[in-house]
Amino acid sequence: LAATEIARNAQDAEFKVSRILLADRVQPQAPDDARFETAVGDVGAPEFIRSLVTPDTRLVFHLAGVVSGAAEADFALGMRANLDGTRHMLEACRALPEPARLVFASSIAVYGRPLPDLIDDDTPMRPTLSYGVQKLVCEILLGEYTRRSYVDARALRLSGVVVRPPAP
């Protein structure tokens, strides 16, 4: 991001990006840019999420999650990271003095398997794996928090995610 990069908040007003916080379960690698900070923690822990969302937070990209195979193999882990982590993020944003814009990484897993040949606004969501169910529930929560004006949330349904190699 260039030093003059601007973004839009929930009220659609432009603001200059002055701080970017990267958070992960392992130490994130930040670019050589003074605006970047890093944090390490568990997305399923509400106190960790609350530590990330400060009163000046205006824009959140919520990309955390346990993907398909791992969420299916370990139901509790998938629920903690995918559902609880998102709910904690929504609650932290709800406590802000002004609503933040929240961009959520969802998945085409909400449509289930096999995927239809064509996906449009009328395609029914019928997840067949825990991951798809968790993402769909999160999308519904995003809609509710947006309806109540706690956040201005948007969900992007990604078609595929490349995950890091497993930890040693």
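**Exercise 1.** Is Ser 106 buried or exposed, and which residues does Ser 106 touch?

*Solution.* 
- Step 1: Ser 106 has a relative accessible area of 1%, so it counts as buried (under 20%; exposed is over 50%, partly exposed in between, with a 1.4 Å probe and protein chains only).
- Step 2: Ser 106 sits in strand E6, residues 100-107 (helices, H or I, of at least four residues and strands, E, of at least two are DSSP runs, numbered from the N terminus).
- Step 3: List the neighbours. Leaving out residues up to four places away in sequence, Ser 106 touches Lys 135, Glu 139, Ala 155, Leu 156, Arg 157 and Leu 158 (contact means heavy atoms within 4.5 Å).

A word on the ground rules: this is a predicted model, where local features need pLDDT of at least 70 and side-chain atom pairs count only at pLDDT 80 or more, while totals for chains, interfaces and linings use all residues. Residues are numbered from 1 along each chain as its sequence is written, and side-chain values use heavy atoms, with hydrogens and water left out.

**Exercise 2.** Which parts of the chain does the salt bridge between Arg 101 and Asp 12 tie together?

*Solution.* 
- Step 1: Check the distance. The closest N and O atoms of Arg 101 and Asp 12 are 3.6 Å apart, and a salt bridge is a side-chain nitrogen of Lys or Arg within 4 Å of a carboxyl oxygen of Asp or Glu.
- Step 2: Locate both ends. Arg 101 is in strand E6 and Asp 12 in the loop between strands E1 (6-8) and E2 (14-16), so the bridge ties together parts 89 residues apart in sequence.
- Step 3: Arg 101 is buried at 10%, whereas Asp 12 is partly exposed at 43%.

**Exercise 3.** Which residues are linked with Asp 12 and Arg 101 in a network of salt bridges?

*Solution.* 
- Step 1: Asp 152 and Arg 154 belong to that network as well.
- Step 2: Arg 154 and Asp 152 pair up with their closest N and O atoms 3.1 Å apart.
- Step 3: Arg 154 is partly exposed at 38%, while Asp 152 is buried at 15%.

**Exercise 4.** Where in the chain do Arg 19 and Glu 37 lie?

*Solution.* 
- Step 1: Their side chains meet in a salt bridge of 3.2 Å, N to O.
- Step 2: Arg 19 is in the loop between E2 and strand E3 (20-24), and Glu 37 is in strand E4 (residues 36-40), 18 residues apart.
- Step 3: Arg 19 is partly exposed at 32%, and Glu 37 is partly exposed at 37%.
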